[in-house]
Amino acid sequence: MTDTPSYGFDTLQIHAGSRPDPATGARQTPIYQTTAYVFRDADHAAALFNLQEVGYIYSRLTNPTVSALQERMATLEGGAGAVCCSSGHGAQIMALFPLMGPGKNVVSSTRLYGGTVTQFSQTIKRFGWSAKFVDTDDLDAVKAAIDDDTRALFCESIANPGGYITDLEAMAKIADDAGIPLIVDNTSATPFLCRPIEHGATLVVHSMTKFLTGNGTVTGGAIVDSGTFDWSASGKFPSLSEPEPAYHGLKFHETFGPLAFTFHGIAVGLRDLGMTLNPQAAHYTMLGIETLSLRMEKHVANAEKIAQWLEGHDAVEKVTYAGLKSSPYYDRVAKVCPKGAGSLFTVTLKGGYESCVKFVDALNLFSHVANLGDTRSLVIHSASTTHRQLTPEQQKAAGAEPNVVRLSIGIEDADDLIADLDQALKASA
Ligand SMILES: *Cc1c(COP(=O)(O)O)cnc(C)c1O
């Protein structure tokens, strides 16, 4: 299915990128479990290697199952193209790779998935890149952090796990004025709840491991490009605007226009970094996406009911769900993600660290795991696990202090979940 912008989300989540298999008529997208593809002849092979013709060479770069998922992701996010890769963290490196270089920096929100804080504050330094962290509610601080070496602005739409909603339009305006792309991690929201490109984002990154696949089976990541950024305007993005020696001096932006970032991601990023998504994982992810809207509606309905119930509980000091009227971000939900604030939030227990540990151990239906966005309800004590590497200041900024537990509300019966939380809160007192 191509060029069908008039279909609604529920239709596109099933049909976008998927067509009956031309060889067999298979209706579900087959898992093309192959490493290589036979060339028609020597000229065909040469044209493929020169990027003069689009086709399949080797599955580190492209694979038909993965391509179908890429098309689906691009369509659901309203982008020009998408590149899938082996994990969400892979997607983040792949998103920065064409933009950055030694001495260049990314200005990033402090409110991030714990692993992203570590990736940005530690690991990217090995490439000579750096991150400057700012509170994205302080727009003057965001502007002030951008300098001549800044190559991107980075934030999450619904930030994990503190119930924080980013004012994407304000961020996009700042990025635009500075002539740099805005990259939005849309993992917690999914394109069903929020479409960052409509708010001005240039690139959208995903951990498909979470709600998109939806049932905790495989890891995967994606980068969707809006196709609207002018990579040649400022001279700041030579990987995309200047001749590429490995492709006979081809200029990606000049040659591929709105698909420049996508083609570069495949032809250079996947070719040389090799963070490739395998076709099995792409298949599981596409199965998950077929029911995304149904699951997200239930995730949100359950989260709203449970967050309200928890807020009224004696053992609870605070609930950070942006879907609660008490949240400072409640008004922003209507603007950024009107269908709901997702199903991820934190609960602060009056009993502190000790109570949090007892609470997590006493839960039965909730699984204690380092994951989120599963059909199953999940719980984790972030401060002793996912956010353990962070300093107390970083933990506070991310909403992961020692007296806080993170819940990822699944799609079970809300009353069963409430009963489980109730008995565990009693046990934690
Ligand atoms: C899980 C997650 C990531 C990292 O994704 P992986 O697939 O685990 O590599 C990045 N950002 C957010 C918001 C996440 O939840």
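Reply: Helices (H or I, at least four residues) and strands (E, at least two) are DSSP runs, numbered from the N terminus. This is a predicted model, where local features need pLDDT of at least 70 and side-chain atom pairs count only at pLDDT 80 or more, while totals for chains, interfaces and linings use all residues. Residues are numbered from 1 along each chain as its sequence is written, and side-chain values use heavy atoms, with hydrogens and water left out.

Me: OK, where is threonine 202 then?

Reply: Threonine 202 is in the loop between H8 and S8.

Me: Is threonine 202 buried or exposed?

Reply: Buried, because its relative accessible area is 6%. Buried means under 20% relative accessible area, exposed over 50%, and partly exposed in between (1.4 Å probe, protein chains only).

Me: And what does threonine 202 touch?

Reply: Skipping neighbours within four places in sequence, threonine 202 contacts Pro181, Leu182, Val224, Asp225, Ser226, Phe229 and Trp231. Contact means heavy atoms within 4.5 Å.

Me: Switching to the ligand. How many residues surround it, and which are the closest?

Reply: 15 residues surround the ligand, and the closest are Gly88, Asp185, Ser207, Thr209 and Lys210.

Me: Which side chains have polar atoms by the ligand's oxygens?

Reply: Among them is threonine 209, with a polar side-chain atom 2.7 Å from a ligand oxygen. For serine 207, a side-chain N or O atom is 2.8 Å from a ligand oxygen, and for serine 87 that distance is 3.5 Å. The protein covers 92% of the 380 Å² of accessible area that the ligand has on its own.

Me: What does UniProt say about Lys210?

Reply: The unreviewed UniProt entry places "modified residue: N6-(pyridoxal phosphate)lysine" at Lys210. Such annotations may be inferred rather than shown by experiment.

Me: Where does lysine 210 sit, and what does it contact?

Reply: Lysine 210 is in the loop between strand S8 (203-207) and strand S9 (221-225). Lysine 210 counts as buried because its relative accessibility is 8%. Leaving out neighbours within four places in sequence, lysine 210 contacts Tyr113, Thr187, Asn371, Leu372 and Gly373.

Me: How far is asparagine 186 from serine 207?

Reply: They are 21 residues apart in sequence and 8.2 Å apart in space, C-alpha to C-alpha. Asparagine 186 lies in the loop between strand S7 (182-185) and helix H8 (190-193). It is buried, with a relative accessible area of 0%.

Me: Last one: why is helix H5 described as largely enclosed?

Reply: Because six of the eight residues of helix H5 (residues 114-121) are buried, the rest of the structure largely encloses it. Those buried residues are Gly114, Thr116, Val117, Gln119, Phe120 and Ser121. The buried residues of H5 pack against H4, strand S2 (105-109), strand S3 (130-134), strand S4 (150-156) and helix H16 (392-397).

Definitions and conventions
Near = heavy atom within 4 Å. Polar contact = N/O pair within 3.5 Å; in protein donor to acceptor, adjacent residues only side chain to side chain. Areas by Shrake-Rupley, 256 points an atom, 1.4 Å probe, with all protein chains shown as cover.
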